[in-house]
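I opened this entry to check strand pairing and charged contacts. My notes follow the display.

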Amino acid sequence: MAKKSPGPQKLPVKNAANVRSDNEKLLRALIVLFILMGAAAALIFGLVALRRALFTSNPRFQLREVVVQAEGYWQNRSAQLSSRLGIRLGDNLFEIDSGELRKRLSAIPSVENCEVTRILPDTLKLRVVERIPRAVLANPQGRWVVDENCVVIPRAESMSAGRSLPVILGISDRSLEGGMVLPALQPVMEIIMQVAQNFRDIDIKAVHMREPGKINLILTYRSQKVCQVLIPTGSKDVNLLLTALQSAILHAERRGDTRGVFDLSFDGNVIIR
């Protein structure tokens, strides 16, 4: 005989009491969640209000003085520098973004390094390390100077006042702007820095890169002999070339040789013309 197939099975059905209990648990969980969210919001609001009361809205921390520590142009120019950076006396010290302020200060061409410090309750200190001008660009009265890293600086905002600097000729000052870097001047700046550090008897007056691959210097030796010097741009040891130049000038003086053109383009040999 064929077996009878089982009839449809009945699923267990929760009774009304169980359903009501689950709904109550869900409701209680939602209430607890809303209470916690409200408490967190109240805490955040309270902390913001407390910060405003203690710091950002506290008249005790209003900016009353800007101190500039520098050793060049920006020394004793706190009002000018504050105006340049958008700093206003009376602003709250804690609402001044020191990171943004440091970025704006670093963007000034004559500034090489800087620090911004809050001094409670009412002072902002700006420490500025300025770039040192090593040469004037275009002409002796040029508007631009350059430091050893080939960074262009407005002469009016540099520490070059009263200093005699070499002049780099053959550059149009119309294309220059503060903060730009001129990598093509790196060989020239290397020579200028070597002379400044190690060859005090040599005083470079002017530099011209008129010949491809050569740097043309006009200089004085011991403030007396005027010389024209040709140095190759690809030299790996500038110090050695300058030592050879100094020896050649001394040797020429001892022999009474009045010729003034010294060509160092021949593998360390000095040709006098």
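Below I go through the strands, then the salt bridges.

I am working with a predicted model. I started at strand β9, residues 214-221. I found it mostly covered, with 6 of its 8 residues buried.

Next I looked up its partners. Strand β8 (residues 202-208) runs antiparallel to β9, and 6 bridges join them. Histidine 208 sits opposite asparagine 216 of β9. The two strands make a hairpin with 5 residues between them. In that turn I noted glycine 213, with a positive phi of about 80°.

On to strand β10, residues 225-232. I counted 8 bridges between β9 and β10, again in the antiparallel sense. Isoleucine 218 has glutamine 228 in β10 as its bridge partner. The β9 and β10 hairpin has 3 residues between the strands, and arginine 222 there takes a positive phi near 55°.

Arginine 222 took me to the charges. Its side chain meets that of aspartate 201 in a salt bridge, 3.5 Å from N to O. The pair links distant parts of the chain, 21 residues apart: aspartate 201 lies in the loop between α4 (186-198) and β8, arginine 222 in the loop between β9 and β10.

How exposed are these two? Aspartate 201 has 32% relative accessibility, so I logged it as partly exposed. Arginine 222, at 44%, is partly exposed too.

I then checked arginine 255 and aspartate 257, whose closest N and O atoms are 3.6 Å apart in a salt bridge. Arginine 255 is exposed at 51%. Aspartate 257 has 14% relative accessibility, so it counts as buried.

Last, I noted a salt-bridge network linking Glu100, Lys103 and Arg104.

Conventions. Residues numbered from 1 in each chain as written. Predicted model: local features only at pLDDT ≥ 70, side-chain atom pairs only at ≥ 80, totals over all residues. Heavy atoms only, no water. Buried < 20%, exposed > 50% of the residue type's maximum accessible area, 1.4 Å probe, protein only. Helix = DSSP H or I, 4+ residues; strand = E, 2+ residues; numbered from the N terminus. Pairing = 2+ DSSP bridges. Salt bridge = Lys/Arg side-chain N within 4 Å of Asp/Glu carboxyl O.
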